[in-house]
Structure formats: structure tokens, C-alpha cells
Amino acid sequence: MEKTKIILDCDPGHDDAVAIMLAAREPSLELLGVSVVAGNQTLENTQRNARNVLQWLGANIPVYAGCDRPMVRDKVIAADIHGSTGLDGPVFPPLTKKLEPEHAVQFLIRSLLESEGDITVVTTGPMTNLAMAMRLEPRITEKIRRIVLMGGSFTNGNVTPAAEFNIIADAEAASVCFRSGRPITMVGLDVTRKALCYPEIVERMGRIGNRASNLFVALMGHFCKTQKQVFGWEGGPLHDPVTIAYLIDPEVLVTKPMNVQIDIRSTQSYGRTNCDYYGYQKLPPTADVAVDIDVARFWDIVETGLRRYSEA
């Protein structure tokens, strides 16, 4: 079986951490590296969180720190959801996994230029690193096989009525990526809000009883609590791992081609992913937008991914 080569660009973040878990040991994927951006927390925190998760899992995947702020706007973080560290809840042992000296933007450029156009870039945080790489070295754009992002919504946001966090955190970067001409799969709040991690899901994963499942339970203890405090849900929506689940099994999502444009001009709706669901504008599609998810199938993928860490 030919593996799908991916780079995971993220801002861990509890749900990013679960995405890392699924990607690091999935036999159908080859995770070339984890590039990190500021988003859910500062870059100092997010790069440390990525290293802590990979060290905990025993995964020999390099981590590259990238941009510590958006391209244009002021920096925003999501401490109300992810806590002061960005990964509140688990207690990790002393960190020995080293950060790679190469900047994440340079890592993206080098990896893509050296590739044969076979790398999929998965972004589960603000798209700053990828957009900066495109601006610094435009030749990489045609080398991207596909961009799969968690971000946006064709309905409502989660920071403002219009905008989802990963997009509003750096809408200019998202605009660069959506105007790149590369194939894009947008996994937005419309589907990820259906992947709610109810207590019975946490119990189900906890019964696996390995290092990955123990970390999952510790992560969800904090994440589900803050999601209930902020949004009133009994289970936290596990946004970011849906991207990896889609790469493992595309049947987990229903997608619809749409013309998507990022609002970077208005005040009230800055960061909105304007998705022409009905094709009113007669413009060519720019993204395959996820419109539904097989929730049971998703949780089966998560369980299978966690169980892989029980293997020798």
C-alpha cells in the first residue's frame, strides 16, 4: 500500500494532540514532520506541546517551530479553551525531545521543493506557516498535492458569528492559501461540531489502556470541561482529528465543491469563509467543503488509531 505523505502544521491544542496521535502511527500515512505555529497558545507553548505529545507516544517525528504571530493582524490565542499551557490537563515527564533548528517555513519549502508533488499539507491551526512559505518561495505551490485544513464554516463561527478560530486568527494567511489554486479540502465547524466527545466516548477510549488512550483521557478531561463552560456542550467537539480521519478513510466525510473566499476586509465578518453553497455566483469551485460526517465511523477511526499504540 502506497503511503500518503503528509506534513502536519498545527498549534497544539488538545484536539491537535489527538490529530498527532492518529497520524504518527497510521500505516497509510507517512508523517514527514510536525510544523508548529502560534494559535491556541503562544509559539513557545505550542512547540513544547507538540514535543511533549510525540515524546509521550515514543514517536520519532521531527518538530519545527514556525511563525509566532499572524501575517498582518495582532496575535490571538484560545486560552479559555486550552488553558495557560495550551495543553492543560496531562502531566508530562521532563521534556528531552529536541526542537529542530530549521524554521518551520523553511522546512515546508525544503520538503515541498524536494518532493515529487506527493505531499499533502494538513493545517489544524492558523495557516500562517504555509502562507508564508508560499510567499517566500512561490515554486512550492505547485508541489502541494492537496491542502486539508480544519478551519472555517459555511454556517456559523465559534469566535464571532461569522468566523472560526483558525481562520480569524490569520485570515490573510488563509486567503493566500485559498487563492493558491491547489486542491483544498476544508473541514469546518459544520462537521466537527458533530464529533462531540461525550463521557461515554472518553470511557470507551480509556478502556484501551495504553499510553495513547491514557493521554486521550487526560486531554479530554480538561477540553470537555472548558467546552461545556464556554459553549454548554456535554462533550467537546474534536475538531482537528477529523482531518486525519478523512485522510485515513475519505468515506468518513461528505464534501461538496464550492467557491470559497476569505473575508479580510470587513469589520463584523473578518475571517468568514464565504462558501457559495448553491453556486449563485457561477464561479469555479476552490475547495471541497465538508458538509456531513459519519460520526460512528469517525470514532471507530479514533479507537483504531489509539489501539495501534498497543502494538509492539
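The model is a predicted one, in which local features need pLDDT of at least 70 and side-chain atom pairs count only at pLDDT 80 or more, whereas totals for chains, interfaces and linings use all residues. Residues are numbered from 1 along each chain as its sequence is written, and side-chain values use heavy atoms, with hydrogens and water left out.

With a relative accessible area of 1%, Gly39 is buried (buried means under 20% relative accessible area, exposed over 50%, and partly exposed in between, with a 1.4 Å probe and protein chains only). Neighbours within four places in sequence aside, Gly39 is in contact with Asp11, Val76, Ile77, Ala78, Pro126 and Phe165, where contact means heavy atoms within 4.5 Å. Trp233 lies 194 residues from Gly39 along the chain, and the C-alpha atoms of the two are separated by 23 Å.

## The largest cavity

The structure holds one cavity of 30 Å³ or more. On a 1 Å grid over the protein atoms alone, a cavity is a set of points where a 1.4 Å probe fits but cannot get out, while a pocket is an open set with protein on both sides within 12 Å along at least five of seven lines; lining residues have an atom within 4 Å of a point. Grid points are joined across faces, edges and corners, and a volume is the space filled by probe spheres set on the points.

Gly39 is one of its lining residues, together with Val37, Ala38, Asp68, Arg69, Pro70, Lys75, Val76, Pro126, Thr128 and Ala169. By class, this lining comprises six nonpolar, two polar and three charged residues; Ala, Val, Leu, Ile, Met, Phe, Trp, Tyr, Cys and Pro count as nonpolar, Asp, Glu, Lys and Arg as charged, and the others, Gly among them, as polar.

## The largest pocket

The largest pocket contains about 310 Å³ of space. It is lined by 26 residues, of which Ala78, Ile81, His82, Asn158 and Phe165 are the closest to its centre. The lining consists of 12 nonpolar, seven polar and seven charged residues.

Helices α1, α3 (79-82), α6 (165-168) and α10 (211-231) each contribute at least two residues to the lining of the largest pocket. The largest share, four residues, comes from α10.

Helix α1 spans residues 14-24 and is mostly covered, with 10 of its 11 residues buried. The buried residues are His14, Asp15, Asp16, Ala17, Val18, Ala19, Ile20, Met21, Leu22 and Ala23.

Gly13 belongs to the loop between β1 (4-10) and α1. The peptide bond that joins Pro12 and Gly13 is cis, with omega about -10 degrees.

Tyr64 is part of strand β3 (residues 63-65) and counts as buried at 7% relative accessibility. Beyond its neighbours within four places in sequence, Tyr64 is in contact with Val34, Ser35, Val36, Leu99, Glu100, Glu102, Ala104, Phe107 and Arg110.

Gly117, in the loop between α4 (104-114) and β4 (119-123), is partly exposed, with a relative accessible area of 27%. Residues up to four places away in sequence not counted, Gly117 touches Lys143 and Arg145. Lys282 occupies the loop between β11 (273-275) and β12 (287-293) and is exposed, at 74% relative accessibility. Its phi is near 60 degrees, a positive value in a residue other than glycine.

## Overall architecture

The protein has 12 helices and 12 strands. Its radius of gyration is 18 Å, close to the 20 Å that the globule rule gives for 312 residues, so the protein is as compact as a globular protein of that length; the radius is taken over C-alpha atoms, and the rule is 2.2 Å times the number of residues to the power 0.38. Along the principal axes, the C-alpha trace spans about 50 × 45 × 40 Å.

Of the 312 residues, 59% count as buried. Among contacts with a separation of 6 or more, 83% are between residues 24 or more positions apart.
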